[in-house]
Every structure is written in structure tokens, then in C-alpha cells.
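Have the sequence and the 3D view ready.

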Amino acid sequence: MRMKKILISGVKPTGRPHIGNYFGAMKQFVDMQDDYESSIFVADLHALTGIDSAQELKSNILEEAIDYLAIGLDPKKVTLFKQSDVPQVAELAWIFDCMTTMPYLMRAHAFKDAEAKNKDINVGVFNYPILMAADILLSDADVVPVGSDQKQHIEITRDIAEKFNRLFGKTFKLPKEIILEEFATVIGTDGQKMSKSYGNTIPLFATTEEIQKAVMKIPTDSKGASDPKDTDSILFKIHKLFLDQKEQVELKKEYERGISYKEAKEKLIESAEKFIAPLRERRAYWANKKEEVLKILKDGGEKANERAEKIMTMVRKNVGLTL
Ligand code: ADP
Ligand code: TRP
């Protein structure tokens, strides 16, 4: 029997996910859970770079675990855990810190963007890719499904693994990112990349009112009701996300024939509602089972910790910390 390949990924618990997070990253976790030995975690240590309220962090961690279960991750197939239950990542990150140069990390896009906005950024933001490398390499992963903005972090992970292997002997596998080109950048209601920080999202578990409000915000041009409409528009691109191939072709025809923007928006609301309603229901189910969710996280944490400890034992030995 061929062994399944190992998959790891995580998302920071920073509030409600949106459909960009879902199509760009989270959906892959669900689609791949049968074919890979998967571990998906709540990246709570990474979230600390931007959170200063214990209450908020605690609540966000639990809410994200509920989100994972609501999108269909099956705890019987996937190890679901919270990153801080594997404190070995912080230990490994320190070891990686000591073999990574400042100029190398200064080239990271995320750091450059953060620094351009605020010179007073914390050391955690600078070291973010190192902690991520530790997450990935301590899981012995072959593949890491992520959104396109995480590509460089996986490249950095490979560089670090290679350097470590060169200095201390073969210890780590070189993991590969998996990025869905089709959903590399899901656009928001204003046409920019959909992001929590731009206020242009459709929340993944949106209420009917939230869906309506978000769709109404989408800008349209001044074309007449029966004029052909652009299928390169924000409206069409967002609508497409909720449709299968056949439905996409149908909608394209309707746009080209000339559908009014009012009707096009009503149809989008309908499609979004059809897609989101079952997710919302499953979320309500899990939100009512907090004890069970906590137990799933605890069991997953123990499993992830055990696996990490095995690799960490080898790392400590290989760098010369074990006598
Ligand atoms: P946000 O920008 O809303 O704060 P995060 O940085 O928390 O999102 O991203 C979580 C995951 O979702 C990452 O893997 C990221 O690549 C993916 N992602 C976020 N926004 C989008 C988007 N608009 N399109 C595709 N993937 C996205
Ligand atoms: N940096 C990722 C994000 O912002 C979260 C993350 C942390 C992650 N560690 C990881 C993703 C390891 C994949 C693998 O969404």
C-alpha cells in the first residue's frame, strides 16, 4: 500500500473568514482531505503579531476551529489542532533564527509591505516566515495548500530546510506549495483583492442581510437595462465563484444578451445565498457543540505534538544540543 503524502496548512485566527479565504485556501483543505494525511491548524501564535487582547484571541481561536468544522473538515480524517499546542515550533524557530540572515528576511514581501505602512512593526512580523517554516517542517509535510500571497513563505521554508540540511545533515523534506491559479486572487466588492482590512468582503458565513448589503455595494457602470453587460466586471467575476461550469456559461449568455444590473444583482444574491446557507447551518450546528470542538482540538494537538517532538528530537541531536 502506498503511503499518503503529508499535507499541512493553517490560517491565522483574526476574525470571520470571507469567500476569498475560502476559495483561495480553505476549500482546498476540504477537497484534499481524503487523499492526503492532513493536518490543519489554527495559527494562534502567528496571530499574536497583531493582537493585544486575550479575550479577543481566545474567542477567535475557538471561532476558527468552528469554521474549519463547518466547511466540512472531518476530524476523523484530518488532525485539527491549535498551533500553540505544539510549542516546539517556537524552539525550532529560534534555531532557524540563528541560521537566517537579516538581509535575507528583509526581502520578504510581507515584511516590506508592513514596514512601508508602519516603521514600528514588531519583531514577530519580521520573523513571521521563520515561525511558518517551523510549522511546516515539524509536520514533515510534502505539500502546503495556501493562497497565492503565501507563496514566498513556502519558498523561504524550502531555503531554510536546504540550508539546515547542508549545515547539519539531511533532516527535513522540501515541501511544495499548492496554489489554485483560478482562485489565486479573489476580488472584493470594490474590485481590489478581497481582504478583511479593505472592508470589501463577503463573509463566508454571511447572513442574508450581509449578502444583500455586500452585493448592493458592487459598483456598476451606466449601461442601459437591456444593453449587453461586461463579463469582465466585478459583478460577474464574483458571481462566477458560486457557479459550476454550466451555470457560468448560462450567466455569460444572459450578460451578453443584456440583463439589467438590478436583475444581475438579485441573481447574485440568490446564488450566494444558495451557496452560503448550508455552510451557515453547519456552522450553527458546531457553534452549539463547544465542548466537542475543544476536545477535537485537544486530541489533534496531542497528535501533532507527538509528531513534532519526534522531529525535534532529531533536530536537537543534529545541531549538537543533545549530549
Ligand atoms: P486577509 O487578507 O483577509 O486578512 P489572510 O491574510 O488571513 O486574509 O489570509 C488567509 C488565507 O486566505 C491565506 O492563505 C491567503 O492566501 C488566503 N486569501 C486571503 N485573501 C484572499 C483572496 N482575496 N483571494 C485568494 N486567497 C486569499
Ligand atoms: N501565514 C498563513 C496566513 O497568513 C498562516 C500560516 C501559519 C500557515 N503557518 C502556516 C499556512 C503554515 C500554511 C502553513 O494565512
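How many nonpolar, polar and charged residues are in the shell around ligand 2?

## What you're looking at

The shell around ligand 2 has 7 nonpolar, 4 polar and 2 charged residues. Here Ala, Val, Leu, Ile, Met, Phe, Trp, Tyr, Cys and Pro count as nonpolar, Asp, Glu, Lys and Arg as charged, and the others, Gly among them, as polar.

This is a predicted model, in which local features need pLDDT of at least 70 and side-chain atom pairs count only at pLDDT 80 or more, while totals for chains, interfaces and linings use all residues. Residues are numbered from 1 along each chain as its sequence is written, chains are lettered from A and ligands numbered from 1 in the order in which they are written, and side-chain values use heavy atoms, with hydrogens and water left out.

## Around ligand 2

There are 13 residues around ligand 2 (a heavy atom within 4 Å), and Gly10, His46, Tyr128, Asp135 and Gln150 come nearest. Some polar contacts (pairs of N or O atoms within 3.5 Å) show up here too. Tyr128 has a polar side-chain atom 2.7 Å from a nitrogen atom of ligand 2, and a polar side-chain atom of Asp135 also lies 2.7 Å from a nitrogen atom of the ligand. For Gln150, an N or O atom of the side chain is 2.9 Å from a nitrogen atom of ligand 2.

On its own, ligand 2 has 360 Å² of accessible area (Shrake-Rupley method, 1.4 Å probe), and the protein covers 92% of that. Two or more shell residues come from each of strand S1 (5-11) and helix H7 (123-137); helices are DSSP runs (H or I) of at least four residues, and strands (E) of at least two. H7 gives the largest share, 4 residues.

## The largest cavity

Now for the gaps: the structure holds 3 cavities of 30 Å³ or more. A cavity is a set of points on a 1 Å grid over the protein atoms alone where a 1.4 Å probe fits but cannot get out, and lining residues have an atom within 4 Å of a point.

The largest cavity has a volume of about 80 Å³, meaning the space filled by probe spheres set on the points. Its lining includes Ile8, Phe41, Phe81 and Asp135. Helix H13 (residues 290-319) supplies the largest share of that lining, 3 residues.

## The second largest cavity

About 50 Å³ of space lies in the second largest cavity. Among its lining residues are Lys12, Glu64, Asp67 and Lys196, and by class the lining has 4 nonpolar, 2 polar and 4 charged residues. Helix H3 (54-70) gives the most, with 3 residues.

Methods. A polar contact is a pair of N or O atoms within 3.5 Å; within protein, one must be able to donate a hydrogen and the other to accept it, and residues adjacent in sequence count only if both atoms are side-chain atoms. On a 1 Å grid over the protein atoms alone, a cavity is a set of points where a 1.4 Å probe fits but cannot get out, and a pocket is an open set with protein on both sides within 12 Å along at least five of seven lines; lining residues have an atom within 4 Å of a point.
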